[in-house]
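The sequence and the structure are shown first.

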Amino acid sequence: MTLSQYLPTIGTAVAGMVLALLVAPLLEGVVRKLRAIIQSRQGPPVTQPYLDLLKLLAKEDLRVSVSPVATWGPPLFLAAILVAAGVMPLGGIMPEPAVADIVVFIGLLALANITLAGLGFATGSAFSSLGASREVMLMLAAEPVLFLSLLVLALKGQSLTFTGMLQAPVGVATIAAALTYLLALQMYVAKIPFDITEAETELIGGPLSELSGPRLAMVYWGIYAKQFIYSSLFVQLFVPWTLSFIPWPLLAVLANVAWVFALNLVVVGIVASVNPRLRLDQALRYGVSLAAVAAMALIYAAIV
Amino acid sequence: MPLAPMLESAIKLTSVALAGGIVAGVALSRWQRAAGWVCSLALAGALAASAWIGSMAWETGAVGIEFGHGNGWPIALHFSRLNMIFIWLVLGLGLAATIYSVRYIEHASQAPGTPRYAALRYYPVLMLFLASMVAVVCLSNLIAFFIAWNVMSLAGLALIVHEYHKPGVLRAGLKFAAFTLVGNAAIFAAIMLYHSATGSYQAHDGALAGLLGDGSPIAHLVFGLFAFGFLTKLGIYPMGDWLPDAHPAAPSPVSALLSGVMIKLAAYDIAHMMIRTTDVPAGAMMAWGLVLAALGGVSVLLGGSAAAANNDTKRLLAYSSVAQSGYILMCLGLSMAFAPVNQTLAALAFVAGIVFVIADAMHKGLLFLTAGSVLHATGTRDLVQLGGLGDGMPTTTVAAIAGALSVGGIPLSAGFVGKWLLFQTLLLGAAVTPMAAVYLLVIVVGSILSAAYALKYVGAAFLGAPAGRIAGEAHEVPGSMRVPQIVLAVGALAAGLWPALIVRPALQAWGYLGAAASPLADLRMGELLVPLGASGMVGGFVPPAVLALVAVAGLMALGLARLAGVPTREVPSWQSGLALPLAHTRLPASGWYWPFTPILRAAYREIPFPWTPAAVPVETDASDGS
C-alpha cells in the first residue's frame, strides 16, 4: 500500500470532522430546548450554543498555568474527538480503506478523556483536580461497557474494523450489547445524571473551572461533538438497516443526523431533565452492572 | 565456512568490550566520573560489536559457535534473531542507564550518611550485571545458562542494596534474595530433571514444549518448574512479589535496568524454550498456555490497581511493571496455546509479546529515569509532596509525558501497538477458545487502569501546584541525565508512529522460530493490517494517516482560536474567593481516585515476608467527600 491510497479515507474523514464540528452545537441547543420545555421554561433559542462558542472565542484568555499541557491540552482534546468522528462511518459510508479500527477509535476517545483530566490536574486548583480525578473514575465505569458492547459486534463479525462489525448477524448477544450501549449512552456523553466530572453546583465545572475564552470554547465544542459521536455510533453499528436502504449517500447522511437528533431528544434529553446527579460510587455501580451484562453477552457470543 | 571466523572476532570484540567495562570500573573506581564515562564507552563498543553479530544472525536466522573444544568444557553460544533483540535491549538501555548514572550516582554518593566506599563498587557491579544478562540470553548450555542467571541475580542483588544505609533497602534486598533463591532452585531442579529425561543440557528452541510431546508426568513437572522460575523473575503475581519492593530500593538507573531488561529475560526464556509449532501435543500446550495467560491476566489487573492507588513514584512504576509483565506473559501464553493449532495466530500473539517487551523496555526505562531525575532534584519519591515540577524541569516533564502516554497505551505511542496487536489476537483467538473473551475483558479493564496510573504519575509529580519549598525549588537535571531520557522518549513515540520499527524485527524473529505465513500485511507504509479471519480483515491501523488526521483536526481547533486572536493574561486560580496559597488547597496525590483508592489498594495483597517489619511508609488518605 502507498500512502496515496489512504487519501480518499483522509478526505472522507475531514468531511466527517467538519460535519461533527458544525452539527454538534445545534444538537446541544435542541437538547437544551427540550429540557427547558420539560421544566416549564421558555429556554434559549436552539442556536444559543453557537453564540456561546463565538462569544467565548472572542473573550480574553485568562490562564492560571503556563505549562504546555494547559496550552496544548484543549486543541488536543478537540482534535482527538474530531479524529474519532472522522474515522467512524457516517450515513452508512465507510471510510475505506480503513485507517483506524474500533481499538484505535476507543483509544482516541480515551486520549480525549485523559487530556481533559490532565488539564484539570495542570491547574493545581482543588476543584479542577477533583473533577479530573472523577473523570478518570468515570472512565473506569463507562469505558468497559462501551468497549465490551462493541467487542460483541466485533466477535460476531470476526473483525475489529467498522466494515467487518456491520457483518455481525443479529442475535441474543448483539441485542444485549445494543441495549447495554443504549443504557450507558448517558454515561458516555457525561450528561446529567452522570455530569459528575463538571458537577457545576459542587465543583464549579471541574476541569473546566480554570479555562476561559477560546480554550474553554474548544473543550465545550469537543464535549458537544462527543455527544454526536456516541449517538451516531449507535445508529451506525447497532441499527445500520435503518440507513442502508436509502439510495443516495447524502440523504443517508441526513437521515443519520436526524437519527442522532431523535436519539438525543428521547434518551439524553429526557433522562437529563428528570434526574438528579448521581454520586460517583452510584455511577460506578451502574457502570459495573452494565459491564457485567455486556461481559456475559461477550462470553455468550464467544461460546455460541 | 567464512562465517565462523568473522563471528568469532565479533564475539571476541563484544566480550572484550564488556570485560573492559568491568576492569575499567574496578581500576577507575576512585574517579567516579571517569569510570562512568569509560564504562559507557565500553558499552557503546559492545553495542557496535553486537550489531555485527546481529547482522550475521539476521541473515541466516540463527548462528552458533563453540569455544574451548580442547579442554573438555566447551562453551556454546548461539545468536538468533530473537535473542539479538534482547541483547540490543540490554546493551542499549544499559548504555542509556550508565550515561545517566554518571551524575546521578555522583550526586547520590554525596548525600549525608552514605558509606564512604559505597560509590566505589557501583560501576564494576553494573558492568557485571549487564555482561551476565548478555550471557544469559546467548549461552545455550543449561548449566552455563544457570551460572550466568545466578551471576545476574547476585549482581542485581548487590545493585538493589547499593544504598543499604537507607531504611527498607536491606529488607527489599532480602526479599529479592529469598524469592530469587526459590525461583532459581526451581530452575535448577528443572534443569536436572530435564537432563535425566533427555540426557542433554542443550536447550534448543522450543525444547521444553517438545518435551511435553512424550506425555510423561516428568515432562509436565519440568515445564512447570521452569515456568515457576521464569515467572518469579518476570514479576508475575504472586511469585514475583519481590518486584514492588526491590525496584524503589535500587538507585534509579538500576531500577530502569531491572524493570526494563532484567525481568524481560524471563520473557526471552519463555519465548525461546516454551513455544513450538510442530511435534507438540495441542491439548497440553493449550492448557499450559492458557494457564500462563490467565496468570498474566491476574498480574495485569492487580499490578494496575496497586499502581493507580500508590503514592510513591518508583513503587507506582514498579507495580506498573507487574502489569506490563502480565501483558507480556498473556501474549506469550497465547502464542504457546495457539502454536500447534494455528501458527498464524501464534505468530500474531508472539509479535504482540515481543512488541510489549521492546515498548516496556523503552517507556519503563524512561519513566524510572524520570523518577530518578525527580529524586535527584527534590530528594523525595513521595507524590504527595511533589507537584508542579513542570516549570523547573521542562525536559524531564516532556519526557515523562511521552513515557506515560506509551505506558498508558494511548494511540500513536509504542505501548498502544502492543495492546492493539493483543486485541487482534484475542478477537481471532475467540474462535479457538472462548477463554479469549475473558482475557478481552481483563485487558479492557487493564487498559483503563494503566491510563489511570500513568496520568497519576505525571499529574501528581509534574503538573499542578508545588506542594512546598522542596518541589518549588526543583531544578532541571544535568545534560548527561537529560539526553538518555530524550532518546528513550523519542524512541517510544517513533515506534508508535511507525510501528514497523519494532513490529518487523519481532515478526522476523518469529519467522525463524516457526515458518508460518505472516499475520500482518506488508508494513511498508508503517501501517498495521491483519488480513485474517472470516471477514478477511480483522483490524487495520495506519498511524501516519491517523497522525495526519490529528494534525488536520488540531489545525482546525487552533484555527478557531487564532481567528479570534484574543489577548492572554495570567491570573491566580479561583479559591472560592479566599486568598489562600495553592499549596494549602491543592488535592494531594493521596486523594486521587477517591473513593476507590482503598479498593484498588486492597486488590494487591503483599506476600507475607517474615523477619523484618514492613518498611513501607504509612500512606495518608484524604477524602473527596463526594
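Helix H1 of chain A spans residues 7-38 and has 32 residues; helices (H or I, at least four residues) and strands (E, at least two) are DSSP runs, numbered from the N terminus. From its first C-alpha to its last, H1(A) reaches 46 Å, close to the 46 Å expected at 1.5 Å a residue, where the expected span is 1.5 Å times one less than the number of residues. The model is predicted: local features need pLDDT of at least 70 and side-chain atom pairs count only at pLDDT 80 or more, whereas totals for chains, interfaces and linings use all residues. Residues are numbered from 1 along each chain as its sequence is written, and chains are lettered from A and ligands numbered from 1 in the order in which they are written.

H1(A) bends by about 30 degrees at A:Val23, and the proline A:Pro25 follows within four residues. The bend at a residue is the angle between axes fitted to the seven residues ending there and the seven starting there. Just after H1(A) comes A:Ser40, with a positive phi of about 55 degrees. A:Ser40 belongs to the loop between H1 and helix H2 (48-58) of chain A. This residue counts as exposed because it has 7 C-beta neighbours inside 10 Å. A residue is buried if 20 or more other C-beta atoms lie within 10 Å of its own, exposed if 12 or fewer, and partly exposed in between, with C-beta atoms placed from the backbone.

**Contact between the chains**

Chain B brings 74 residues into contact with 81 residues of chain A; two residues are in contact if their C-beta atoms, placed from the backbone, lie within 7 Å. On the side of chain B that touches chain A, the elements that give two or more residues are helix H15 (414-429), helix H16 (435-462), strand E4 (539-541), helix H20 (543-564), strand E5 (568-570) and helix H21 (582-585). H20(B) supplies the largest share of this side, 15 residues. By residue type, the side of chain B that touches chain A divides into 53 nonpolar, 15 polar and six charged residues. Here Ala, Val, Leu, Ile, Met, Phe, Trp, Tyr, Cys and Pro count as nonpolar, Asp, Glu, Lys and Arg as charged, and the others, Gly among them, as polar.

Strand pairing also links the chains: strand E1 (residues 61-63) of chain A and E5(B) pair in the parallel sense over three bridges. Two strands pair if DSSP finds at least two bridges between them. A:Arg63 stands opposite B:Glu570 in E5(B).

H20(B) has 22 residues and reaches 32 Å from its first C-alpha to its last, close to the 32 Å expected at 1.5 Å a residue. Buried residues in H20(B) include B:Pro543, B:Leu549, B:Val550 and B:Ala561. H20(B) is followed by B:Gly565, whose phi is positive, near 55 degrees.

**Domains of chain B**

Chain B is divided into domain 1 (1-110) and domain 2 (141-546), with bounds from an automatic or database domain assignment. The C-alpha centres of these two domains of chain B lie 23 Å apart. Their contact takes 25 residues from domain 1 and 33 residues from domain 2. Strand E2 (75-80) and helix H3 (81-108) of chain B are the elements that give two or more residues to the side of domain 1 that touches domain 2. Of that side, H3(B) provides the largest share, 20 residues. The residues of the side of domain 1 that touches domain 2 divide into 17 nonpolar, six polar and two charged.

B:Leu345 lies in helix H13 (residues 343-378) of chain B. B:Leu345 counts as buried because it has 24 C-beta neighbours inside 10 Å. Leaving aside neighbours within four places in sequence, B:Leu345 is in contact with B:Phe338, B:Thr425, B:Leu428, B:Gly429 and B:Val432. The C-alpha atoms of B:Leu345 and B:Ala561, 216 residues apart along the chain, are separated by 47 Å.

**Backbone features**

Most residues other than glycine have a negative phi, and most peptide bonds are trans.

| Cis peptide bond | Omega |
|---|---|
| A:Ile192 and A:Pro193 | about 5 degrees |
| B:Tyr237 and B:Pro238 | about 0 degrees |

A:Pro193 is in the loop between helix H7 (172-188) and helix H8 (200-203) of chain A. B:Pro238 is found in the loop between helix H8 (217-234) and helix H9 (243-249) of chain B. A:Ala190, in the loop between H7 and H8 of chain A, has a positive phi near 55 degrees although it is a residue other than glycine. A:Ala190 is buried, with 21 other C-beta atoms within 10 Å.
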